[in-house]
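Let's take a walk through a protein together, one neighbourhood at a time. Have the sequence and the 3D view ready as you read.

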Amino acid sequence: MQKYIDLTYKPKKEELVAEYYIQPSKTSLWNAANAVAGESSIDTWSTIETLSPKIFNKLRPHIYDIKGNIIKIAYPTDLFEPGNMPQILSSIAGNIFGMKCVEKLKLLDIHFPKKLVSSFKGPKYGIQGIRKLARVPKRPLVGTIIKPKVGLNAKEHAELAYKSWIGGLDIVKDDENLSSLSFNKFNERVKITVKMKEKAEKETGERKFYMPNVTAETFEMLKRTKFVKEQGNEYVMVDILTTGFAGLQTLRDNSEDLVIHAHRAMHGALTRHDHGIAMLPLAKIARMIGVDQLHIGAIVGKMTGSAKEVYHIGEEIEDNLIHPSEKNHILSQEWYDKKPIFAVCSGGLHPLLVPQLMHIMGNDIIIQGGGGVHAHPNGTTAGARALRQAVDATMQGISLQEYAKTHLELKLAFKQFS
Ligand code: CAP
Ligand code: MG
């Protein structure tokens, strides 16, 4: 009996809605959908006396739309604990991925009702807060990642950061797998790098930002965040998936008013192909919990993520009202008081890719180049200059070829990256 399917049902405003791609295994799609709806809410595989009509009628979800392999399920909000992202995901993104009756299952989007959106802190700064801090009203922010990913000691790290900042970059970040290692201890790195940041600010007259990676066990993360604050730094960076959403919520609740940069290392284990969780709902969760900027893909770089997908994720984290799109598997979403956050485009980027990226994504983005800065033939500072020149040229509507005629670093970037 397919007790959760009701194609005449209209979801209530206060319900959570999840959209899934579902491929059944050795059963019908309807049977598999029914099992997913039950297992993600109140039910199990057998008929149980304890599932009384009273409980059923109060907490049952409704599969209200089935088109091909795409199903939509509306869940009563009482199934979820406000402010508890782990529990919400243990429901609608938990056991169901391991059920034998599904060959493949992918969570494509989640519509969160106001009661749940309001139960999370949301971003403290967001786009406008960061632009105000940076004194950069319009153009994309530009940054680099210290490379090699790990290997430099704290002093070498800080010196490379300085070279990047004086070349015109706004931001320098730690790589996602750099925490506190035997050859590069966190506190020492932060202390020296912040001093080099202040030196670069004095010499350039521009605000400069350092994003130290605090990813660690939660209490340790809070200790490191406190230390960063004591050094007078404005940012922390965290790997939100390897840290987990409970850790991210704790960091957001104890952020010491620092700006939170969210790296999405490990997302590919969930987002690629057609079994797992799409990047869109992960991005929504990050905005709801309250990061200020989030890696969402770079389209033209080295990582997966089509222009359409990355563009829509950018809309989701930057707009306040999201209109539904059947074609793109996007559910409606109102963001209420949750600030828009910066899309971070990174991964395989170099100066020559900037115009195309800005054409697709607009200016409310953060462009990061690691190898694309440090591999410049004249070194890091020149690489930083070339990346900044590519942004400045594009903001002025000048082609890079034209701009390179009067900007040597960009000219040499053509030799290196064409
Ligand atoms: C980029 C990067 C970033 C990726 C993350 C790296 O370095 O530092 O972690 O951009 O991917 O380690 O690859 P490069 P995404 O500029 O040298 O490629 O932004 O897609 O999450
Ligand atoms: Mg990295």
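This is a predicted model: local features need pLDDT of at least 70, side-chain atom pairs count only at pLDDT 80 or more; totals for chains, interfaces and linings use all residues.

Residues are numbered from 1 along each chain as its sequence is written, chains are lettered from A and ligands numbered from 1 in the order in which they are written, and side-chain values use heavy atoms, with hydrogens and water left out.

Let's begin inside. A nonpolar core is a set of buried Ala, Val, Leu, Ile, Met, Phe, Trp, Tyr and Cys residues joined through side-chain atoms within 4.5 Å; buried means under 20% relative accessible area, exposed over 50%, and partly exposed in between, using a 1.4 Å probe and protein chains only. The largest such core has 116 residues, and Leu16, Tyr20, Leu294 and Ile367 touch the most other members. Helix H12 gives the most to this core, with 8 residues. Another core, of 15 residues, lies apart from it and includes Met211 and Val344.

Now find helix H10, residues 245–253, where Phe245, Gly247, Leu248, Gln249, Leu251 and Arg252 are buried. Helices (H or I, at least four residues) and strands (E, at least two) are DSSP runs, numbered from the N terminus. The buried residues of H10 pack against several elements, among them helix H3 (85–92) and strand E9 (259–263).

Which residues hold the magnesium ion (ligand 2)? Asp175 (OD) and Glu176 (OE) coordinate the ion at 1.9 Å. Donors are N, O and S atoms within 2.8 Å of the metal (3.2 Å for Na, K and Ca), and water is not among the atoms, so sites may look incomplete. Asp175 is buried, with a relative accessible area of 3%. Asn213, in the loop between strand E7 (209–211) and H8, is buried too, at 0%. The side chain of Asn213 reaches the backbone oxygen of Glu176 at 3.0 Å.

Finally, look at the rings. A pair of aromatic rings is described by the distance of the centres and the angle of the planes. Rings of Phe, Tyr and Trp (its six-membered ring) pair if their centres lie within 6.5 Å; planes under 30 degrees apart count as stacked, over 60 as edge-to-face and the rest as tilted. The structure holds 3 aromatic pairs. Tyr4 and Phe56 have ring centres 5.7 Å apart and planes at 40°, so this pair is tilted.

Conventions
Contact means heavy atoms within 4.5 Å. A polar contact is a pair of N or O atoms within 3.5 Å; within protein, one must be able to donate a hydrogen and the other to accept it, and residues adjacent in sequence count only if both atoms are side-chain atoms.
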